[in-house]
Amino acid sequence: MSNSSSVTSIPVATLGTPRIGPRRELKTALESYWSGRIDEASLVRTAAQLRADNWARQKARGVTVIPSNDFSFYDQVLDTSVMVGAIPDVYNWTGGEVSLATYFAMARGSQGEDPACEHGHAHHHHGHGAPAQEMTKWFDTNYHYMVPEFSKDQTFALSSTKPIDEYREARALGYRTRPVLIGPVTFLKLGKSHDASFSNLSLLDKLLPVYIEVLNKLATEGADWVQLDEPCLVLDLDADEKAALKTAYSELALKVPGTKIMLATYFGELGDNADLVAKLPVAGVHLDLVRGKGQIDTVLSKMPADRVISVGVIDGRNIWRANLPAILDRIEPVVTKRGAHLIEIAPSCSLLHVPIDLDQETALDADLKSWLAFSLQKMSELSALGRALAVGRSTVKDELAASAAAAAARKASPKVHNKAVAERVAAITADMANRRSTFAKRAQIQRARFKLPAFPTTTIGSFPQTSDVRKARAAFTKGTISQADYEGFLREETKRTVAWQEEIGLDVLVHGEFERNDMVQYFGEQLSGFAFTKSAWVQSYGSRCVRPPILFGDVSRPKPMTVEWWKYAQSLTRRPMKGMLTGPVTILNWSFVRDDIPRSESCRQIALAIRDEVTDLEKAGATMIQIDEAALREGLPLRRSEWKTYLDWAVGSFRITASGVADETQIHTHMCYSEFNDIIDAIGAMDADVISIETSRSKMELLDAFVTYRYPNEIGPGVYDIHSPRVPDVKEMTGLIEKARSHLTADQIWINPDCGLKTRGWPEVRSALTNMVEAARQARGAA
């Protein structure tokens, strides 16, 4: 390309990097600190070492705009709350620099933390001491942040100098970094308040002075650029939110005139917010050109001519290797038009969302491995692009050739493409997504078949995975016990659990799932098209890391996955034993998925595979089959205008899995997360015979949705909150049943806990479920 502006290199940024360490060193240090095995000084030393290594790794791979303040002990939003002194009274903070003890109390509660439920959502208990702050998903990623809490009389004050300290620390090691902060408007928008009478955005004028103070201190230290993350710019914004962004950035430009702001937007395109962004007085804007592929020309035409544009061309959220020549074809014209001195190369968003280093995966299939890039490999890709754009493609011809060859091999590979799967998806008919009869007719047939009492009782599926279960699995994985011994152990565990459920009087039983490592991995390992890593950990929140499956090819089911365990469990009882499956949308949403076909198509492939399992369970004699869609709501697009498209294919996929059975087979589903009000129509459209939902925490509030929407099918609103280590008494549960009865008819209601019991201990599970069966018995008497 022409090189009129004679730039020898184009700046290469990462926007943020994983902070857990290549071998999860941060997790180890945090857990040692929390359990009292190491002291604070030791934890702080480990953190400093992780940051130093991280900066060195970036520099070694050609990153020139290295971030600081992207490290966190727990979560970057919590760091922001602490920085500005947004610390609720319950933590007894009296001002001054916030201590690590207060920080971790906000993260975990001041009486230790309750394990996450099996779906990986964190739920924190409200025992003695202060509860943890609420946690929820960061936009539409699988990362969770701590929700800031605000009150009407909120005050803010600089209460942590972390951004300045880490800038200084990097400078002492020889790195001039670009500090990263969460922008003030996104921060306020993500928070909540217990006081409905005011808007969080009304606190902006009080909040901005703290940001100004931080930016001034950074400028004094020598930071000429600062990155402010405002991902709220890819959402539907109302007039107040747009006005808040104008106010915030005008004020910052006025009060910190020497500092250049890189305004970072990500997770989507600007859309109708582009005009607003064009007018903000900032020196640079980062655009996500992976999620918002089509926005580059329209957005650039609006931007001021002297504004630096950071082009997010490498996927920061997925693990596929980039096709570098194709990216260059797309952005060379942009560079030529804008001038190389006004372009920066970056991933679409922070690399926090991908694993650290592909080189650690020694056991992956060689072809698959050649199609992947984790955070360190993505840095090398960015740096190759920067060189190609500044001094021509010939300087990186080997990298470009290897990239093109990998893309071509993946495109043609029989490991990825299976003709039979493609033909089967093409042959899906509308009929395949419909049960044979309406729910009203199925319900009559099912009632006659099962003869269950009013308010039937059941559980969600898993029972405690005790340390014995985990030890046995580890021993079997290592090869220290034989498969026969391991299976014998699992059978005993299952037998005991089934007998105990009968003994306390549950109506519909489950086998306990002792053989399953994880509700997605267990199925992924038995389906073709999925691969699993050994070390590709990604932070979910705090010290909790997950290793998402990699969905790399067409999905099919070579053989039945759960039928043998179901048959064994059903042979132990005459009561109905539910077959337990994970639904296609949840498997999709908790995996790294293909980027070469639409998500909806992968989802339909998984749906057909699970449909085969459902019909095989029915053939084997299963009368009730539960297909969990814990993550259905999690996949909702960020823009409301895109919801319908997603819900149509997500619900359609669920219906494909569930509709291959006879009317007398009862299909159950389970959903986590209780914001159902806005997608209640879609939940009705799933047409499951019975749905169990997480409601006990919200004291059945979510059932308000059912007042206006007459949910026709049967429903089990959870009456036992499994996320807190306390045992609710009979009275508390009968109160919740009463509440449910004011919204639903008596013959619609099932009684169950609100999630699986995998993370709980047996003593509390025994007491709580005994109380639950008694509460149902009392409800029958009262009916």
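Modeller: Rings of Phe, Tyr and Trp pair if their centres lie within 6.5 Å. In this predicted model, Tyr33, Trp34, Phe71, Phe73, Tyr74, Tyr103, Phe104 and Tyr541 form one aromatic cluster.

Colleague: How many aromatic pairs does the structure hold?

Modeller: The structure holds 21 aromatic pairs.

Colleague: What makes the pair of tyrosine 103 and phenylalanine 104 stacked, tilted or edge-to-face?

Modeller: The ring centres of tyrosine 103 and phenylalanine 104 are 5.4 Å apart. The limit for a pair is 6.5 Å. The planes of the two rings stand at 80°. Planes over 60 degrees apart count as edge-to-face, so that is the name for this pair.

Colleague: Are tyrosine 103 and phenylalanine 104 buried or exposed, and how do you know?

Modeller: Buried means under 20% relative accessible area. Tyrosine 103 has 6%, so it counts as buried. Phenylalanine 104 has 5%, so it is buried too.

Colleague: Why is the pair of phenylalanine 139 and phenylalanine 267 called tilted?

Modeller: The planes of phenylalanine 139 and phenylalanine 267 are 50° apart. Stacked needs under 30 degrees and edge-to-face needs over 60, so the rest count as tilted. The centres of these two rings are 5.7 Å apart.

Colleague: What does the pair of phenylalanine 139 and phenylalanine 267 tie together?

Modeller: Phenylalanine 139 lies in the loop between β2 and β3. Phenylalanine 267 lies in the loop between β8 and α9. The pair therefore ties together parts that are 128 residues apart in sequence.

Colleague: Are phenylalanine 139 and phenylalanine 267 buried or exposed?

Modeller: Phenylalanine 139 has a relative accessible area of 12%, and the cut-off is under 20%, so phenylalanine 139 is buried. At 3%, phenylalanine 267 counts as buried as well.

Colleague: How are helices α1 and α4 placed, and what is that arrangement called?

Modeller: Helix α1 (residues 25–34) and helix α4 (residues 100–108) pack at an angle of about 100°. Their axes are 13 Å apart. Angles of 65 to 115 degrees count as roughly perpendicular, so α1 is roughly perpendicular to α4.

Colleague: Which residues meet there?

Modeller: Leu30, Tyr33 and Trp34 in α1 meet Leu100, Phe104 and Arg108 in α4. These residues divide into 5 nonpolar, no polar and 1 charged.

Colleague: What is the confidence of the chain?

Modeller: The mean pLDDT is 93, and 95% of the residues reach 70 or more. Over residues 1–5 the pLDDT is below 50. Over residues 112–127 the pLDDT is below 50 too. Where pLDDT is low, the predicted coordinates should not be read in detail.

How values were computed
Residues are numbered from 1 along each chain as its sequence is written. This is a predicted model: local features need pLDDT of at least 70, side-chain atom pairs count only at pLDDT 80 or more; totals for chains, interfaces and linings use all residues. Side-chain values use heavy atoms; hydrogens and water are left out. pLDDT is the predictor's confidence in each residue, from 0 to 100. Contact means heavy atoms within 4.5 Å. Axes are lines fitted to C-alpha atoms, for helices over the stretch in contact, and angles run from 0 to 180 degrees between N-to-C directions. Helices (H or I, at least four residues) and strands (E, at least two) are DSSP runs, numbered from the N terminus. Angles under 35 degrees count as roughly parallel, over 145 as roughly antiparallel, 65 to 115 as roughly perpendicular and the rest as oblique. Ala, Val, Leu, Ile, Met, Phe, Trp, Tyr, Cys and Pro count as nonpolar, Asp, Glu, Lys and Arg as charged, and the others, Gly among them, as polar. Rings of Phe, Tyr and Trp (its six-membered ring) pair if their centres lie within 6.5 Å; planes under 30 degrees apart count as stacked, over 60 as edge-to-face and the rest as tilted. Buried means under 20% relative accessible area, exposed over 50%, partly exposed in between (1.4 Å probe, protein chains only).
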